[in-house]
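Have the sequence and the 3D view open as you read.

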Amino acid sequence: MAEVIAVFGPTASGKSAAAIELARTLDGEIVSCDAMQLYRGLPILTNQPSEADLAQTPHHLVAVWPLSHEGSVAEFGEMARAAVDDVVGRGRTAILCGGGGLYLRAALAPLELPPPPTPGVRERFAELYDQRGAEATHALLAERDPRAAASVHPNDRRRVVRALELAELGASLVPAEDALWQRHDLRRTLVFGLTVDPGAVNERIAQRTREMFERGVEDEVRSAIRGPLSSTAGRIHGLQDVRALLAGEIGRDEAIARLDGRTRRYAKRQRVWMRRLPDLIAVGSSDEMLARAAA
């Protein structure tokens, strides 16, 4: 039997409920692979497990970082693999759950990550972007790293700057051979992918977005932004939309619409990631997962 079972899928596909069902049935514990659920202070916005879920099933790596913490996938990977070792070492099944391919892979095995930033290089290219504009800076990227340029939109300032920084270091934002999706797991692992009709997912996203505002996400964000936010916490999904609402820049209906649309696009990207995972077992429900896990 597998020591580790990974549950992957787009947001609102039901993977959290499936992971809890697997953990209950297989005497397991959940290791969250959600980059944003690592942060505490925004449980509604990051859709963290409820108190009932936490009481029912042990969860690891939920609400462990303050919003001021500058997190990284490398740091997360070490924490996640330690959590998996702890769970398996106690004779239980580790259930990984998340919708981000990078964090899921980091939990399964160490990644060969791009080199760390060199002081001053990122700032230089950021200044170049601001002075020369998106199109000209993207054209420079196309000269230095055509593969990266083909995958990054000119208006994505952060990724254009990062791609130029990596090119200067002799690396690439899009390596010729994408080692991320190679399977070199440290333990016996099954990776399940929840396949849910996109229309149904979009309906769930719309409902969940409305419920976030009904549950008080505005008050939650208002409290959170009183303190320092790291650059990684500042990229929490939907944070900018609620902040715009609180600043009076947009109305509540517009904030809901923006977050809904942003989440649908994210789910679409997650479906693309899921197709790239090797040896992924596509299933439609937790019952199918249990049947395959027991086989």
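Start at Gly91, which sits just after helix H3 and takes a positive phi of about 80 degrees. Keep in mind that you are looking at a predicted model, with every value computed from its atoms.

Now step back into the helix itself. H3 runs over residues 73-89, which makes 17 residues. From its first C-alpha to its last it reaches 24 Å, close to the 24 Å expected at 1.5 Å a residue.

Which residues of H3 are buried? They are Val73, Phe76, Gly77, Ala80, Arg81, Ala83, Val84, Val87 and Val88. These residues cover an arc of only 160 degrees around the axis, so they lie on the same side of H3. Turn to the other side of the helix and you will find Glu78 and Gly89, which are exposed.

The C-alpha trace spans about 60 × 45 × 35 Å along its principal axes. Because a compact globule of 295 residues would have a radius of gyration near 19 Å, the 20 Å of this protein agrees with that picture.

Of the 295 residues, 47% count as buried. Among contacts with a separation of 6 or more, 77% come from residues 24 or more positions apart. Finally, the accessible surface comes to about 14500 Å², and 49% of it belongs to carbon and sulfur atoms.

Methods:
Residues are numbered from 1 along each chain as its sequence is written. This is a predicted model: local features need pLDDT of at least 70, side-chain atom pairs count only at pLDDT 80 or more; totals for chains, interfaces and linings use all residues. Side-chain values use heavy atoms; hydrogens and water are left out. Helices (H or I, at least four residues) and strands (E, at least two) are DSSP runs, numbered from the N terminus. The expected span of a helix is 1.5 Å times one less than its number of residues. Buried means under 20% relative accessible area, exposed over 50%, partly exposed in between (1.4 Å probe, protein chains only). The arc is that of the directions from the helix axis to the C-beta atoms. The radius of gyration is taken over C-alpha atoms; the globule rule is 2.2 Å times the number of residues to the power 0.38. Contact means heavy atoms within 4.5 Å. Accessible areas come from the Shrake-Rupley method with a 1.4 Å probe; for residues, only the protein chains shown count as cover.
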